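Please consider the sequence and the three-dimensional model shown below. The paragraphs that follow lead through its contacts, its domains and its salt bridges.

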Amino acid sequence: MSIESGAELQRDQAGRLRHLLTLEGLTRDELQHLLDLAQFYVRVPGELPARDQSLWGRTVANLFFEPSTRTRVSFELAAKRLGADVVNLDMQSSSRVKGETVLDTIYTLQAMLVDVFVMRDAEPGLPAYVSAHVAPHVSVLNAGEAHLSHPTQGLLDVLTIRQRKGEVRNLSVAIVGDIRHSRVARSTSRALLTLGVGELRLVSPASLAPEPGELEGARRHHSLAEGVAGADVVMALRIQRERMADADTVDPETFYREWGVTAENLRGARPDAIVMHPGPMNRGVEITSEVADGAQSAIRQQVTNGVAVRMAVLATIVRNVQERNVEAGRRAG
Ligand code: CP
């Protein structure tokens with residue numbers, strides 16, 4: 001199943017977002033609406049978290065069949081802070097390890113009145129496949145799909161850039177490292193391109209560049225110095241060893257020497273440039289501790305924004321489904 005089919009499947013008949021499978025196909029206005037609502041929910045460490053009852057009575061199931069710290073916990077916190085009940089199913093405790101199909105797992109949880117499935121899986125197309133099989137009042141949110149898509153990460157990255165640097169159309173953003181295997185690079189790039197980013201640079205060795213024809217509108221660089229020169233934002237990516245064939249594996253020491261985001265390499269970027277990383281970080285491979293923990297780092301702010309973005313997405317999707325249910329009720333009655 002292609003990303004494009006996910007873009008079509010995620011809308012109801014009236015064009016409202018019913019699922020969030022990909023940022024492909026979302027308009028600039030839709031992205032701005034989600035970012036503005038997320039900004040409304042942002043609270044900084046030390047403040048009490050934002051709370052409301054947008055999801056009161058709803059049940060959210062987190063289905064993570066790949067490891068996660070940030071995304072899984074922030075979806076759980078987001079749902080609870082909006083008043084939902086939350087269940088978490090991980091790969092070790094799921095009956096999928098005993099051979100149950102993913103649809104049988106979904107139908108089982110749907111029979112327990114789950115309203116929203118948050119899914120992470122290594123299989124391309126799975127969120128779209130599941131979304132085509134759930135009941136009309138049920139939504140699927142993609143929390144990381146193979147190397148293809150991580151829409152809420154794309155949103156939280158853009159929110160962080162907007163907070164620190166202002167409108168993206170004035171900015172030069174460099175994404176550095178293993179772009180070929182990165183769902184984060186794809187979703188963040190898509191959001192930036194839709195919002196009219198000034199310049200998007202994909203900076204990587206040729207072996208880790210995206211496929212030809214992908215992410216049109218971005219400029220590819222195969223030199224770190226050239227790629228970060230004058231950039232307002234430098235985003236480092238983790239090497240996705242789990243998605244590489246043995247022949248493609250990268251030696252961490254060589255990678256660090258040639259592609260690591262270090263204080264020295266950052267000197268070519270603007271002096272007020274920010275540094276980002278989606279996490280989990282491999283310190284001393286794609287980024288140094290000096291940079292990750294330094295004054296230019298926005299990495300913890302990305303994590304804080306993750307909860308706000310997931311609250312905005314949950315609140316928007318559930319409201320859209322409610323509207324659809326009211327209209328369907330009117331038509332039936
Ligand atoms: N950025 C991200 O997806 O992190 P986790 O794998 O910890 O969820």
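Which residues does Gln10 touch, not counting residues up to four places away in sequence? They are Arg16, Leu17, Arg18, His19, Leu20, Leu21, Thr22, Glu24 and Leu26, where contact means heavy atoms within 4.5 Å. The model is a predicted one, in which local features need pLDDT of at least 70 and side-chain atom pairs count only at pLDDT 80 or more, while totals for chains, interfaces and linings use all residues. Residues are numbered from 1 along each chain as its sequence is written, and side-chain values use heavy atoms, with hydrogens and water left out.

Gln10 is located in the loop between helix H1 (3–9) and H2; helices (H or I, at least four residues) and strands (E, at least two) are DSSP runs, numbered from the N terminus. Gln10 counts as buried because its relative accessibility is 0%; buried means under 20% relative accessible area, exposed over 50%, and partly exposed in between (1.4 Å probe, protein chains only).

Arg16, one of the contacts of Gln10, is buried as well, at 14% relative accessibility. Its side chain meets that of Glu323 in a salt bridge (3.5 Å, N to O), a term for a side-chain nitrogen of Lys or Arg within 4 Å of a carboxyl oxygen of Asp or Glu. This pair joins distant parts of the chain, with Arg16 in the loop between H1 and H2 and Glu323 in helix H12, 307 residues apart. Glu323 has a relative accessible area of 35% and is therefore partly exposed. Both residues belong to a network of salt bridges that links Asp12, Arg16, Arg319, Glu323 and Glu327.

Gln110 lies 94 residues from Arg16 in sequence and 22 Å from it in space, C-alpha to C-alpha. Gln110 is part of helix H4 (residues 102–110) and is buried, with 18% relative accessibility. Apart from its neighbours within four places in sequence, Gln110 is in contact with Phe117, Val134, Ala135 and Val138.

How is the protein chain divided into domains? Domain 1 comprises 6–150 + 303–332, and domain 2 comprises 151–299; these bounds come from an automatic or database domain assignment. The centres of domain 1 and domain 2, taken over C-alpha atoms, are separated by 26 Å. Their contact takes 36 residues from domain 1 and 29 residues from domain 2.

The size of an interface is often given as the accessible area lost when the parts come together. Between domain 1 and domain 2 the buried area is about 2700 Å², with 58% given by carbon and sulfur atoms; buried area is the accessible area (1.4 Å probe) that two parts lose on being put together, summed over both. Leu23, Leu35 and His150 contribute 26% of the area that domain 1 buries against domain 2, more than any other three residues.

On the side of domain 1 that touches domain 2, the elements giving two or more residues are helix H2 (28–41), helix H3 (70–81), strand S3 (116–121), strand S4 (139–145) and helix H12 (299–332). H2 provides the largest share of that side, 8 residues. The rule finds 4 salt bridges across the interface of domain 1 and domain 2.

What total does a search of the whole structure give for salt bridges? The search finds 22 salt bridges. Among them, Glu76 pairs with Arg72 (2.9 Å, N to O); these two residues lie in helix H3, 4 residues apart, about one turn of the helix. Arg238 and Glu242 form another salt bridge, at 2.7 Å, N to O. Arg238 is buried, with a relative accessible area of 18%, whereas Glu242 is partly exposed at 46%.

The peptide bond from Gly279 to Pro280 is cis, with omega near -10°, and Pro280 is found in the loop between strand S9 (274–276) and helix H11 (289–292). Leu113, in the loop between H4 and S3, has a positive phi near 70° although it is a residue other than glycine. Leu113 is exposed, with a relative accessible area of 63%.
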